[in-house]
Amino acid sequence: MAAKNQSATNKAIKRKFNPSSKTEPNSSSASKKPKFVKPYKNLQNKDSNKPSSNTTLKQKKFPFKKPKLEKSAANEENKVAPTTRERRIHAKELAEARKKKRKRHYDLEQELAYLWEKMRRRNIAKEDRSKLVSEALQKMKGKIPEITGSHVSSRVLQTCVKYCSQAERDVVFEELQPHFLTLADNTYAVHLVKKMLDSASKKQLAGFISALHGHVASLLRHMVGSVVIEHAYQLGNATQKQEMLIELYSTELQLFKDLVATKESRLVDVISKLSLSKASVSRHMASVIQPILEKGIVDHSIIHRVLMEYFSIADKSSAADVIQQLSGPLLVRMIHTRDGSKIGMLCVKHGSAKERKKIIKGMKGHIGKIAHDQCGTMVLVGIVSIVDDTKLVTKVVIRELQAILKEVALDKSGRRLLLHLLHPNCSRYLSPDDLASLNLSIPSLCAKNESELHSETKSSKKEESSDEKADLEAAAPAQADESADLDEDLHSVEGGKKDSFLRRQELLVNSGLAESLTDVCTENAGELLRSNFGKEVLYEVARGGSDDILRPSLNGKLNTLHGAIASLVAESKSEASEEEHILENFHSSRTIRKLIMDCPTFASTLWKKALKGKCKLWAQGHSSKVISAFLESSDSKVCELAKKELQPLIDGGILKLPEAK
């Protein structure tokens with residue numbers, strides 16, 4: 001009976017689930033959904049403890065899906081959305097909580113930042129500021145090395161060190177002293193270390209530099225640490241600088257501090273005194289220099305000094321490799337120092353044509369800035385003296401100079417480039433150090449050493465004395481060729497292969513620079529004459545340059561310039577005028593006097609247009625030197641022009657001739 005009842009219930013269930021399984025799809029019973037849903041609901045209510053097969057399948061497929069009742073409840077809760085301000089406050093609170101967990105002294109930093117905002121104001125009284133500084137230092141006491149690496153705390157400490165008393169500054173220095181090497185390569189702490197070195201006493205600075213012993217090379221390879229080394233190098237005296245440099249030369253000098261105490265400044269002298277191996281020193285220096293060049297840390301003067309010393313002992317291939325690495329935009333960052341400028345000139349002198357092209361192209365867009373720099377302008381002087389590719393130099397250097405000719409002519413450093421083109425290697429415009437730097441060369445890259453040349457000349461003289469006259473006559477053409485080759489090699493070391501006058505003519509005249517410069521001088525003659533630096537440029541242009549390089553092509557322009565100067569001299573002497581008359585000014589009167597003595601064309605133009613019949617008016621003061629220059633001129637025609645008018649003034653004692661030196 002039980003089996004019959006079970007089969008009956010199964011049949012009933014089947015009928016309830018699929019009452020019309022074989023019905024047609026278009027029938028009306030198939031389209032009514034309630035007939036399918038109601039029996040399912042009734043069955044679920046009957047057997048509610050057992051989960052249905054349908055729900056278990058859904059849970060298996062989508063285990064992460066929330067029940068419908070929970071979804072609706074969440075939606076009801078999220079109906080009231082938080083405002084933008086509430087979200088911002090909540091995010092700020094979360095950020096504060098994260099910072100407190102991450103930073104140990106977060107609360108202290110907030111207090112210091114609050115004090116810093118007050119103490120760094122400009123309109124605060126000194127007493128109030130000193131109180132705030134003392135309060136901040138008291139809060140930081142014992143924790144300074146820990147908080148120095150923070151961006152906020154390091155700024156607060158810098159301000160405190162700037163305005164605190166010397167006693168407080170000494171306390172901070174003592175607390176930081178054991179940690180200086182660690183702080184030297186920290187991005188934020190490095191600024192505090194520099195500030196501490198600026199305000200350090202001689203004893204403190206000496207202690208800091210001695211603490212750097214053995215770590216100079218490693219810190220120079222670090223982008224941040226190299227800044228501290230450079231700062232200490234600039235602040236140190238000659239002995240301290242030598243201590244820092246000398247440990248970069250050899251491993252022995254790093255290990256044994258006693259060897260560092262040497263007075264020799266040149267590496268060659270140090271090697272000879274300490275009997276070091278030149279090859280081992282060169283290898284060690286290459287291992288120090290190579291990573292620095294690869295990272296591009298070339299802005300510091302200590303590195304420039306090391307490179308100059310390295311060039312003095314490096315072999316041919318090593319020196320050529322360094323020149324190849326530096327050729328390009330990297331060199332532009334080096335030429336602002338004295339040693340960096342010398343390195344730039346050496347790279348131009350000994351570099352190949354390809355490397356010279358890279359160097360000049362790397363300067364594109366920076367010519368104006370380089371020309372105004374005291375050391376950088378000498379590299380440009382070296383380029384116009386050595387590089388034979390005048391088209392490239394014209395395109396990059398000359399074109400940028402033409403746009404700022406007036407500024408360059410009035411600048412103390414920039415005028416030297418123009419003066420070198422107008423009158424090359426003149427000791428009046430270039431100092432002995434500048435002229436010596438133009439003649440520098442790398443010993444290993446020179447064509448032939450002087451000793452070799454000297455020995456060759458001696459041997460040739462001995463051969464000549466031993467040979468017969470007939471043999472000498474036969475060998476004369478060959479010896480002439482050899483001497484010509486030798487001269488060419490020496491010339492290639494000193495400069496390019498092109499003739500120096502031809503190079504100057506292409507850069508100055510053919511490029512249009514001379515024409516533009518003459519126009520600038522004509523338009524601004526008064527300003528240039530009264531200027532301490534511009535007067536020399538105007539003088540060289542007005543007299544036509546050395547070897548009269550401007551004369552054939554710009555004769556008309558030069559006559560116009562002479563007329564412009566004469567018209568300024570011809571102006572009446574009025575007391576109401578703001579500017580001093582051109583003949584009474586210290587700089588302009590002496591420049592005009594030099595032009596009268598050195599340029600007869602200008603002298604005749606000035607006499608006819610401005611001074612004829614007016615010499616008595618200008619016979620005293622600075623102008624008297626201009627008048628007397630007509631009688632001192634080496635040209636007899638110039639003397640004859642003014643002799644009739646000036647002789648009565650001399651006889652009457654109105655005009656006095658200067659004593660002959």
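These exercises work through a predicted model, from its overall make-up down to single residues.

Residues are numbered from 1 along each chain as its sequence is written, and side-chain values use heavy atoms, with hydrogens and water left out. Local features need pLDDT of at least 70, side-chain atom pairs count only at pLDDT 80 or more, and totals for chains, interfaces and linings use all residues.

**Exercise 1. Overall make-up**

Task: State how many helices and strands the protein chain has, and what percentage of its residues is buried.

Solution: 
- Step 1. Count elements as DSSP runs numbered from the N terminus: helices are H or I with at least four residues, strands are E with at least two. The protein chain has 42 helices and zero strands.
- Step 2. Apply the burial cut-offs: buried is under 20% relative accessible area, exposed over 50%, partly exposed in between (1.4 Å probe, protein chains only). Of the 661 residues, 41% are buried.
- Step 3. Take contacts, meaning heavy atoms within 4.5 Å. Among those with a separation of 6 or more, 69% join residues 24 or more positions apart.

**Exercise 2. The largest nonpolar core**

Task: Find the members of the largest nonpolar core that touch the most other members.

Solution: 
- Step 1. Look for the main contributor. Helix H21 (residues 301-313) gives the largest share, eight residues.
- Step 2. List the neighbours of Leu611, not counting residues up to four places away in sequence. They are Val569, Leu583, Leu606, Trp618, Val626, Ile627, Phe630 and Glu645.

**Exercise 3. One face of helix H13**

Task: Determine how the buried residues of H13 are arranged around its axis.

Solution: 
- Step 1. Identify them. In H13 (residues 189-198), Ala189, Val190, Leu192, Val193, Met196 and Leu197 are buried.
- Step 2. View down the axis, using directions from the helix axis to the C-beta atoms. The buried residues of H13 fall within an arc of 160°, so they line one face of the helix.
- Step 3. Recall the helix geometry. An α-helix has 3.6 residues a turn, so residues three or four places apart point the same way.
- Step 4. Name the packing partners. The buried residues of H13 pack against H10 (151-163), H11 (166-176), H12 (180-183), H14 (202-211) and H16 (225-235).

**Exercise 4. A loop residue**

Task: Locate Asp547 and decide whether it is buried or exposed.

Solution: 
- Step 1. Asp547 lies in the loop between helix H37 (534-542) and helix H38 (551-569).
- Step 2. Check the backbone. Its phi is near 60°, a positive value in a residue other than glycine.
- Step 3. Check accessibility. Asp547 counts as exposed because its relative accessibility is 60%.

Terms used. A nonpolar core is a set of buried Ala, Val, Leu, Ile, Met, Phe, Trp, Tyr and Cys residues joined through side-chain atoms within 4.5 Å.
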